[in-house]
Amino acid sequence: MSFKSTLKKAVSYCVKFDLIWKTLNATFLQLARFIEWEHHTQTVRLKGIPIEVEAIERFCPDFIVKHGPFAGLKYPSSTITRGTFNDVTYAEINPVCGNLFPKLIGSYESELHTTINTISNYSYSEIINVGCAEGYYTVGFALKFPEARIYAYDIKQQSQEHCLQLAQLNHCEQRIEISDFCSPETLLSIPISSRGLIICDCEGYEAELFSDRVIAHLKKCDLLIELHDFIDLNISNKIKQQFADTHEITIIKSLDDLEKARTYPIAELKDYDLNDRRELLRENRTCIMDWVFLTPLSEENSH
């Protein structure tokens with residue numbers, strides 16, 4: 001039997017059994033199309049100049065954060081590398097920096113900006129950043145609180161190196177200690193001399209990090225914790241229960257990337273269409289997530 005006749009019989013079979021065809025189309029064929037699209041997208045990004053790089057060079061060519069609570073924070077220009085592949089010029093952003101354009105333009109995690117602006121009026125003796133990545137929050141808060149001692153932790157060596165580079169570029173490395181793993185014992189070892197601030201983004205480890213002893217030790221601290229319920233659905237409830245007797249609890253919800261594209265008032269992007277805005281402002285969250293902001297209860301209000 002020829003290939004042509006075999007193919008005709010196969011098509012006839014699929015048409016006759018429409019349910020089978022629809023099932024295939026909704027599963028395997030859709031998956032194949034997605035894989036092909038993703039491969040094409042990654043190829044374009046690797047072999048060309050991504051729209052994110054073009055926007056950075058247009059609006060933030062000096063690599064200085066333009067808006068938001070960390071305006072003035074400077075990133076190294078080496079964060080973007082250029083090269084040539086098969087005679088095509090390409091540019092790549094250092095992956096440790098994550099979503100670089102939102103950070104430089106000042107839209108990154110804007111859900112937290114009100115909280116950050118509020119705590120900027122406080123005075124902190126120690127600031128602890130668990131899961132510091134490239135140092136956006138570590139160095140950003142170091143600049144906002146020039147009297148504070150900063151402790152930064154990340155298990156990735158590349159993140160530690162970039163955090164140090166960012167601190168040196170912004171002339172605050174003398175006040176920052178950068179280490180790898182932060183355990184409950186690590187937090188217990190840090191003396192809180194007056195009022196502390198903890199910023200935590202540790203991919204679900206927050207459920208183990210804040211033991212009863214640690215919470216007692218941090219009773220004079222404000223905490224901003226990203227909650228990873230998509231890893232463990234019990235994390236939010238556990239954190240809220242653990243801090244109920246010592247801290248006032250405020251929940252902050254994230255926005256998805258489409259909502260950012262539709263609603264963020266970024267004047268520089270007024271000429272970009274919705275798809276390009278989403279590409280530039282995306283933060284690639286797995287789902288809608290929460291942060292919890294914790295402030296110490298006064299003695300008379302604590303249980």
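Does Cys 202 count as buried or exposed, and at what relative accessibility? In this predicted model, Cys 202 counts as buried, at 14% relative accessibility.

The chain as a whole holds 13 helices and nine strands, and 45% of its 303 residues count as buried. Its accessible surface comes to about 16400 Å², with 54% of that area belonging to carbon and sulfur atoms. Of the contacts between residues at least 6 apart in sequence, 73% join residues at least 24 apart.

The largest nonpolar core has 49 residues, of which Tyr 75, Phe 101, Ile 127 and Phe 141 touch the most other members. Helix H6, covering residues 136-144, gives the most to this core, namely five residues. Because both domain 1 (51-102) and domain 2 (108-301) give residues to the core, it lies between them. Leaving aside residues up to four places away in sequence, Phe 141 touches Phe 70, Ile 116, Ile 119, Ile 127, Leu 197 and Ile 199. Apart from this core lies another, of 27 residues, including Tyr 151, Ile 198, Cys 202 and Leu 227.

As for the cysteines, a search of the whole structure finds zero disulfides. Cys 172, which is in no disulfide, counts as buried at 4% relative accessibility.

| Cysteine | Closest cysteine sulfur | Distance |
|---|---|---|
| Cys 172 | Cys 163 | 8.6 Å |
| Cys 202 | Cys 200 | 3.3 Å |

Since a disulfide requires sulfur atoms within 2.5 Å, the 3.3 Å between the sulfurs of Cys 202 and Cys 200 is too far for a bond.

Definitions and conventions:
Residues are numbered from 1 along each chain as its sequence is written. This is a predicted model: local features need pLDDT of at least 70, side-chain atom pairs count only at pLDDT 80 or more; totals for chains, interfaces and linings use all residues. Side-chain values use heavy atoms; hydrogens and water are left out. Helices (H or I, at least four residues) and strands (E, at least two) are DSSP runs, numbered from the N terminus. Buried means under 20% relative accessible area, exposed over 50%, partly exposed in between (1.4 Å probe, protein chains only). Contact means heavy atoms within 4.5 Å. Accessible areas come from the Shrake-Rupley method with a 1.4 Å probe; for residues, only the protein chains shown count as cover. A nonpolar core is a set of buried Ala, Val, Leu, Ile, Met, Phe, Trp, Tyr and Cys residues joined through side-chain atoms within 4.5 Å. Domain bounds come from an automatic or database domain assignment.
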